[in-house]
Amino acid sequence: MANERKNSSGKLLKFILVPEVTSIIPVLVVAIIATALNPVFLRGDNLLTLASSLIASWGLLAIGQAFVIMSGGLDISLGTTLSFAGMVFCSMARNNASLSVCILTVFAICIGMSLLNSLLILRFGVWPFVATMSVQYVGKGLANVVNYGAEISISFGTRDSVQRFVEFMGQKPLGLSIGAIIFIILVFVTQFILKRASFGRKVFAVGDNARVAKVAGIRVWKVRLMCFVIAGILTAAATIIWVGYYAGCTPVQGNPWSFITIAAAAMGGVSLKGGSGSMYGVFFGVLLMGLVYNLITLLGINSNYQNVFIGAFLALSVVLDTIRREKTLGKNI
């Protein structure tokens, strides 16, 4: 009887520690608490607005962040890169630049910042946290230089193509914004890449043990470079989605988002030590961050408490990751 109970508890713990399950549980808990505190939370219009705004952009950034983390890296510059690129987009649009030029410029900036991170990390051996922190401050400074620290609106005074783009991004064909739909599609696409494509297997191999991966013939630097480039591309997409949906940008818009995406990825089961993760888990991690932010807003709580929750979730995710690794690998890592 004792052995049966032990086996049952062991199976239950193993089930709970599955990344997707680990990420769903806090989402359900927060949803229940939020509904109890404020019934407005469960209203369809509130949830759809949440999904269409913050979750869409956070989601794309979190997917890019997940690729970097799973390959054994970290990028805390994504948020300020979005701020800088968004300000440039709006500034160029206000100066009568075409939509295509604005979009191409955003992709050039975001991919360029990712390549700068890659250069510092892969070529000069700078620790990822230090390298991306440096680039983070570069992005933060440039975002404030673009318009002297003031926000820019593109809801008027721009070309017809930009206005049509803003109108298009504001549509909600299925009750969700175009950005939210793109995020959901990308979750399935990137999950397929991770689990079915050779590139995904290489990402996990490099993140788990770069030396072994190199001996196995995997070009470690190339895989990590590609992960940073993917993060840059998705940051550009998130920038365009955000600017189009809100018809403007501020120089501090994405500053705290890097750590939000790290927390979302970690709570979604992406190991901060690299080598494992799931995009389905990332989806629920992003949803969790969005629910917490929405709850804080609905309850009128000081927005600074958001940082408290982010820090708590990061700490909890590290603990869960350690437990998960001990149970699956049978040793401390």
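Start by selecting asparagine 96, which lies in the loop between helix 5 and helix 6. Helices here are DSSP runs of H or I with at least four residues, strands are runs of E with at least two, and both are numbered from the N terminus. Asparagine 96 has a positive phi of about 70 degrees although it is not a glycine. Its relative accessible area is 45%, so asparagine 96 counts as partly exposed. On this scale buried means under 20% relative accessible area, exposed means over 50%, and partly exposed lies in between, with a 1.4 Å probe and protein chains only.

A note on the model before moving on. It is a predicted model, in which local features need pLDDT of at least 70 and side-chain atom pairs count only at pLDDT 80 or more, while totals for chains, interfaces and linings use all residues. Residues are numbered from 1 along each chain as its sequence is written, and side-chain values use heavy atoms, with hydrogens and water left out.

Zoom out to the whole chain. The protein has 15 helices and 2 strands. Of its 333 residues, 49% count as buried. Among contacts (heavy atoms within 4.5 Å) with a separation of 6 or more, 77% join residues 24 or more positions apart.

**Helix 6**

Select residues 99-123. This is helix 6, with 25 residues and a reach of 35 Å from first C-alpha to last, close to the 36 Å expected at 1.5 Å a residue. The expected span is 1.5 Å times one less than the number of residues. Which residues of helix 6 are buried? They are Leu99, Cys102, Val106, Ile109, Cys110, Met113, Ser114, Asn117, Ser118 and Ile121. An α-helix has 3.6 residues a turn, so residues three or four places apart point the same way. To see what covers the buried residues of helix 6, show helix 5 (78-94), helix 7 (128-146), helix 8 (160-169) and helix 12 (220-246), which are included in that cover.

Within helix 6, pick serine 118. Serine 118 is buried, at a relative accessible area of 4%. Leaving out residues up to four places away in sequence, serine 118 touches Arg123, Leu225 and Phe228. Just after helix 6, glycine 125 takes a positive phi of about 70 degrees.

**The core around Phe89**

Next, select Phe89, Ile154, Met279 and Met289. Of the 95 residues in the largest nonpolar core, these four touch the most other members. A nonpolar core is a set of buried Ala, Val, Leu, Ile, Met, Phe, Trp, Tyr and Cys residues joined through side-chain atoms within 4.5 Å. Phenylalanine 89 touches Leu99, Cys102, Ile103, Val106, Ile154, Phe165 and Val243, with residues up to four places away in sequence not counted.

**Helix 12 and its end**

Select residues 220-246, which make up helix 12. The 27 residues of helix 12 should span 39 Å at 1.5 Å a residue, and the end C-alpha atoms are 39 Å apart, which agrees. Alanine 247 follows helix 12 and is found in the loop between helix 12 and strand 2 (248-249). Its phi is near 55 degrees, a positive value in a residue other than glycine. Is alanine 247 buried or exposed? Alanine 247 is buried, with a relative accessible area of 11%.

**The second largest pocket**

By class, the lining has 9 nonpolar, 4 polar and 1 charged residues.

Now select serine 71, in the loop between helix 4 (54-70) and helix 5. Serine 71 counts as buried at 1% relative accessibility. Its contacts include Val203, Val206, Gly207, Arg224 and Cys227.

**Last stop: Phe283**

Select phenylalanine 283, in helix 14 (residues 279-298). Phenylalanine 283 counts as partly exposed, at 25% relative accessibility. Phe183, Ile184 and Val187 are among the residues that phenylalanine 283 touches. Finally, draw a C-alpha to C-alpha distance from phenylalanine 283 to leucine 60: they are 223 residues apart in sequence and 9.7 Å apart in space.

Conventions:
Nonpolar A, V, L, I, M, F, W, Y, C, P; charged D, E, K, R; others polar.
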